[in-house]
Amino acid sequence: QVQLVESGGGLVQVGGSLRLSCAASGRTFGTYTTVGWFRRAPGKEREFVAAVTWGGGSTRYADSAKGRFTISRDNAKNTVALHMNSLEPEDTAVYYCAVALFGGVYNYWGQGTQVTVSS
């Protein structure tokens, strides 16, 4: 069983920055584990934001996140961060951390953290 706890959300003005953190516990991650960030805006479907592989640190981003967001991992601390810059009102959403233990399907999800960007 994996427990995920997100933190770092809040209210920020347009153009501002936030750093989200996901703390994982309950299981040791392997080389093929992928940790991702997703978000759900009001009235919209949940969407992928960014992901990082636990072993090699490979990253991928949604087009909306490229150039503005950076995902990073700290294997020693079992945490994954999402650094968000140049935030826009469209980034307002609940952000969720998720883990795919063996790649592919995301098996575990956190409770989410609210990010609100005001114009």
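A charge is said to sit over a ring if NZ of Lys or CZ of Arg is within 6 Å of the ring centre and within 35 degrees of the ring normal. Another such case is Arg 46, whose charged end sits over the ring of Trp 109 at 3.9 Å from its centre.

A word on the source: this is a predicted model, in which local features need pLDDT of at least 70, side-chain atom pairs count only at pLDDT 80 or more, and totals for chains, interfaces and linings use all residues. Residues are numbered from 1 along each chain as its sequence is written, and side-chain values use heavy atoms, with hydrogens and water left out.

**Rings that meet**

How many aromatic pairs does a search of the whole structure find? The search finds 5. Rings of Phe, Tyr and Trp (its six-membered ring) pair if their centres lie within 6.5 Å; planes under 30 degrees apart count as stacked, over 60 as edge-to-face and the rest as tilted. Because the planes of Phe 38 and Phe 48 stand at 75°, with the ring centres 5.7 Å apart, this pair is edge-to-face. Phe 38 belongs to strand S4 (residues 34-40) and Phe 48 to strand S5 (residues 47-53), so that the pair links distant parts of the chain, 10 residues apart. Strands (E, at least two residues) and helices (H or I, at least four) are DSSP runs, numbered from the N terminus.

Phe 38 also forms an edge-to-face pair with Tyr 106, at 4.9 Å centre to centre and 80° between the planes. Tyr 106 is in the loop between strand S9 (93-100) and strand S10 (108-109) while Phe 38 lies in S4, so this pair ties together parts that are 68 residues apart in sequence. Ring pairs link Phe 38, Phe 48, Tyr 106 and Trp 109 into a cluster.

| Residue | Relative accessible area | Class |
|---|---|---|
| Phe 38 | 10% | buried |
| Phe 48 | 22% | partly exposed |
| Tyr 106 | 15% | buried |

**Thr 34 and Gly 103**

Thr 34 lies in strand S4 and is buried, with a relative accessible area of 12%. Which residues does Thr 34 contact, leaving aside its neighbours within four places in sequence? They are Ala 51, Val 52, Thr 53, Ala 98, Val 99, Ala 100, Gly 103 and Tyr 106, where contact means heavy atoms within 4.5 Å. Thr 34 and Ser 58 are 24 residues apart along the chain, and their C-alpha atoms are separated by 9.2 Å.

Gly 103 is found in the loop between S9 and S10 and counts as partly exposed at 24% relative accessibility. With neighbours within four places in sequence left aside, Gly 103 is in contact with Tyr 32 and Thr 34.

**A cavity inside**

Rolling a probe the size of a water molecule over the atoms shows where empty space is left. On a 1 Å grid over the protein atoms alone, a cavity is a set of points where a 1.4 Å probe fits but cannot get out, and lining residues have an atom within 4 Å of a point. The structure holds 1 cavity of 30 Å³ or more, and about 30 Å³ of space lies in the largest cavity. Residues lining the largest cavity include Leu 4, Cys 22, Trp 54, Asn 78 and Cys 97. Strand S3 (18-25), strand S8 (79-84) and S9 are the elements that give two or more residues to this lining. By class, the lining has 9 nonpolar, 2 polar and no charged residues.

Most residues other than glycine have a negative phi. Asn 78, which lines the cavity, has a positive phi near 60°. Asn 78 lies in the loop between strand S7 (69-74) and S8 and counts as buried at 18% relative accessibility. Ser 86 is not a glycine either, and has a positive phi of about 50°. Ser 86 is placed in the loop between S8 and S9 and, at 41% relative accessibility, counts as partly exposed.

Technical notes: Buried means under 20% relative accessible area, exposed over 50%, partly exposed in between (1.4 Å probe, protein chains only). On a 1 Å grid over the protein atoms alone, a cavity is a set of points where a 1.4 Å probe fits but cannot get out, and a pocket is an open set with protein on both sides within 12 Å along at least five of seven lines; lining residues have an atom within 4 Å of a point. Grid points are joined across faces, edges and corners, and a volume is the space filled by probe spheres set on the points. Ala, Val, Leu, Ile, Met, Phe, Trp, Tyr, Cys and Pro count as nonpolar, Asp, Glu, Lys and Arg as charged, and the others, Gly among them, as polar.
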